[in-house]
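Trainee: I am new to this structure and would be grateful for a guided reading of it. May I begin once the sequence and the model are shown?

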Amino acid sequence: MKQLNLGDVTIDRIQEIEGPGFEPTFFFPDATMAGFEAEMDWLAPHFWDLAANTFIRAIQSYVVRTAHHTVLVDACVGYDKDRPSTPGWHGLKSNWLEQLAAIGVHPDDIDYVLCTHLHADHVGWNTRLVNGRWVPTFANAKYVIHETEYRHWEVHGDGMEGPGSADGCFEDSVLPVMAAGKVELVGNDFAIDDHFTLTPTPGHSPGHCCYEINAGKGRAVLSGDALHHPIQIAHPEWNSRYCMDADQARATRANFVDRHADTDTLILAAHFATPTVGRIVGNGARCKFQV
Ligand SMILES: [Zn+2]
């Protein structure tokens with residue numbers, strides 16, 4: 001994805017991982033292979049690997065620059081974190097910080113870190129290890145977390161196992177930021193200037209939220225894990241196996257697709273593979289993702 005320029009706002013992607021994902025019907029227990037095949041004319045080649053016969057996914061953050069603020073949305077898996085239940089994430093050492101430098105942003109330049117939710121693949125770079133302690137990576141940033149999300153993990157920080165879970169991330173990537181006094185717990189009315197508006201999208205996790213950007217020349221939505229893969233635009237009823245409240249996740253996703261279908265809003269999801277950015281458009285009885 002090249003830099004997006006929406007008038008007075010620019011958006012860059014910082015990508016940590018991209019490639020074939022889990023076995024499709026393992027990751028999406030409601031899905032069928034026939035259901036994927038029916039959408040193959042637009043899924044392949046960007047979002048489906050025909051040779052491996054599985055879906056392609058990514059893990060990425062977004063950096064949004066306005067006239068006044070530099071904002072990071074989600075913080076991937078992080079550097080050398082202990083994630084024993086997810087081998088691909090355990091001890092991962094990516095060039096995420098180098099990519100940030102390549103777009104001209106130093107960690108100290110970040111004014112806000114917006115966490116769509118607190119799963120391990122969204123909070124990792126919140127902290128880094130300095131002299132044996134996890135400390136905030138973005139020294140000057142306010143870390144914005146929905147209060148419902150924080151309160152859940154405060155109680156259930158290690159209550160799930162497997163990928164997409166906490167897996168120790170609340171302790172090493174959220175609590176140190178809270179202890180440093182850098183967290184702002186927010187409700188559904190949170191906004192930054194005229195540009196960012198929080199939209200509550202619970203279901204995948206209790207306090208999951210999206211951020212809508214309204215810029216001079218366009219609109220975009222940073223959608224976190226409201227959708228994991230473009231197939232869910234055609235099948236919003238297909239949850240990932242890590243959606244915590246199944247019924248609420250389905251209802252939220254169906255609303256999301258309805259709200260943005262056949263509009264100019266650009267969808268920027270946490271896990272859509274390159275070219276990543278696109279719109280939701282009608283496609284007969286369903287919708288599809290148009291890059
Ligand atoms: Zn995720």
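Trainee: Which residues coordinate the zinc ion?

Mentor: This is a predicted model, in which local features need pLDDT of at least 70, side-chain atom pairs count only at pLDDT 80 or more, and totals for chains, interfaces and linings use all residues. Residues are numbered from 1 along each chain as its sequence is written, and side-chain values use heavy atoms, with hydrogens and water left out. Donors are N, O and S atoms within 2.8 Å of the metal (3.2 Å for Na, K and Ca), and sites may look incomplete, since water is not among the atoms. At 2.1 to 2.2 Å, the zinc ion is coordinated by D121 (OD), H122 (NE2), D225 (OD) and H271 (NE2).

Trainee: What arrangement do the four donor atoms around the zinc ion have?

Mentor: Four donors count as tetrahedral if all angles lie between 85 and 135 degrees; four count as square planar and six as octahedral if opposite donors are over 155 degrees apart and all others between 65 and 115; anything else is irregular. The angles at the zinc ion run from 86 to 164 degrees, so the arrangement is irregular.

Trainee: What spacing do the donors of the zinc ion follow along the chain?

Mentor: The order begins with D and H and ends with H.

Trainee: At what angle do helix α6 and helix α7 pack?

Mentor: Helices (H or I, at least four residues) and strands (E, at least two) are DSSP runs, numbered from the N terminus. Axes are lines fitted to C-alpha atoms, for helices over the stretch in contact, and angles run from 0 to 180 degrees between N-to-C directions. Helix α6 (residues 147-156) and helix α7 (residues 169-179) have axes 12 Å apart and pack at an angle of about 125 degrees.

Trainee: Which residues make the contact of α6 with α7?

Mentor: Contact means heavy atoms within 4.5 Å. From α6 come Y150, W153 and E154, and from α7 come F170, V174, L175 and M178.

Trainee: Where is P45 placed, and which residue is joined to P45 by a cis peptide bond?

Mentor: P45 is in the loop between α3 (40-43) and β3 (48-49). With omega about 0 degrees, the cis peptide bond joins P45 to A44.

Trainee: What is the phi of C76?

Mentor: C76 is in the loop between β5 (70-73) and α4 (96-102). Although C76 is not a glycine, its phi is positive, at about 50 degrees.
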